[in-house]
Amino acid sequence: MQLVKLKKQTHTCKSCFKDIRYNSFHSLINSEVMICDDCLYYAKPIFKDFRIDGVKGLAIYEYNSYIRSKMFTYKICEDYELKDFFLAPYKLEFSLLYFGYIVVPIPSYKLDDERRGYNHVIEIFKCLKLQMITCLIKTEDIKQKLLNYDERQEIGKHFKFDSSFNIKNQKILLVDDVITTGASMKAAIKILKENGAKKIKILSICKRELSDEEKKHLKNVSIL
């Protein structure tokens with residue numbers, strides 16, 4: 001009888017395009033790995049806990065130059081394939097952790113999504129396979145990167161709730177790519193509570209910590 005030598009399954013990393021070898025426990029329990037071990041090392045997952053207005057949150061990565069460059073390539077350069085880079089390595093774990101929650105993305109302006117061809121936050125978090133609703137709407141094309149710290153705190157004036165959705169007594173997972181001042185999160189939390197959300201948690205790709213000096217000069221800082 002001739003023995004057939006089985007080749008080790010490989011997949012291409014969404015970031016560096018090198019072959020990924022399925023040789024770890026993490027890759028064993030995930031049906032498809034999107035990022036190689038080297039790229040994951042440079043991304044520096046930290047799973048940092050934080051709170052915004054009393055709501056528990058979790059940031060997956062450190063906001064470093066590597067993550068910032070990947071976010072720029074995905075969001076600004078419109079490299080759609082990178083949608084699976086940020087969250088997919090932990091999609092099974094997060095799907096279990098937030099089982100029973102409804103995913104609500106921080107809204108972006110509709111015309112921005114149409115120009116890009118996709119909503120960058122929605123596409124990242126689709127891999128969780130949890131129910132997702134777009135009940136928050138951004139009513140005006142306000143670019144937070146052009147606002148100073150105090151002006152950002154007024155972003156809630158440009159958010160509204162879509163009354164066609166009913167979230168009363170529901171558990172909500174509020175998601176975003178990068179949290180900087182937390183102004184959008186605060187506005188969203190307030191709206192969701194006003195519309196009857198039973199429990200709210202936050203999941204973000206990363207959370208940037210600003211010094212007092214950066215807050216003062218925020219208008220001149222380029223932030224994704």
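Reader: Where do Arg-116 and Asp-113 lie, and how many residues apart are they?

Author: Both sit in helix H5, residues 110–116. They are 3 residues apart, about one turn of the helix. Bear in mind that this is a predicted model.

Reader: What do the side chains of Arg-116 and Asp-113 form?

Author: The general idea comes first. Side chains of opposite charge can pair when their charged atoms come close. Here, Arg-116 and Asp-113 meet in a salt bridge, at 3.9 Å from N to O. The cut-off is 4 Å.

Reader: Are Arg-116 and Asp-113 buried or exposed?

Author: Arg-116 is buried, and Asp-113 is buried too.

Reader: How many salt bridges does the structure hold?

Author: It holds 7. One of them joins Asp-177 and Lys-75, with N and O 3.7 Å apart. This pair links distant parts of the chain, its residues being 102 apart. Asp-177 belongs to strand E8 (residues 171–179), and Lys-75 to helix H3 (residues 65–75). Asp-177 and Lys-75 are both buried.

Reader: Which residue forms a salt bridge with Lys-126?

Author: Glu-123 does. The closest N and O atoms are 3.0 Å apart.

Reader: Why does Lys-126 count as partly exposed?

Author: Check the relative accessibility against the cut-offs. Buried is under 20%, exposed is over 50%, and partly exposed is in between. Lys-126 has 45%, so it counts as partly exposed.

Reader: Where is Ile-137 found?

Author: Ile-137 is in strand E6, residues 136–138. Apply the accessibility reading again. At 29%, Ile-137 counts as partly exposed. Now compare chain and space. Ile-137 and Ile-106 are 31 residues apart along the chain, and their C-alpha atoms are separated by 8.4 Å.

Reader: Which residues form the positive surface patch?

Author: Arg-51, Lys-56, Lys-198 and Lys-199 form it. Of these, Lys-56 is found in strand E4, residues 55–61.

Reader: Which residues of H8 are buried?

Author: Ala-183, Ser-184, Met-185, Ala-187, Ala-188, Ile-189, Ile-191 and Leu-192.

Reader: Which residue takes a positive phi just after H8?

Author: Gly-196, with a phi of about 95°.

Methods: Residues numbered from 1 in each chain as written. Predicted model: local features only at pLDDT ≥ 70, side-chain atom pairs only at ≥ 80, totals over all residues. Heavy atoms only, no water. Buried < 20%, exposed > 50% of the residue type's maximum accessible area, 1.4 Å probe, protein only. Helix = DSSP H or I, 4+ residues; strand = E, 2+ residues; numbered from the N terminus. Patch = residues over 30% accessible without salt bridge, like charges linked within 9 Å, V, L, I, M, F, W, Y side chains within 5 Å. Areas by Shrake-Rupley, 256 points an atom, 1.4 Å probe, with all protein chains shown as cover. Lys, Arg positive; Asp, Glu negative; His and termini not counted. Charge placed at Lys NZ, Arg CZ, Asp CG, Glu CD.
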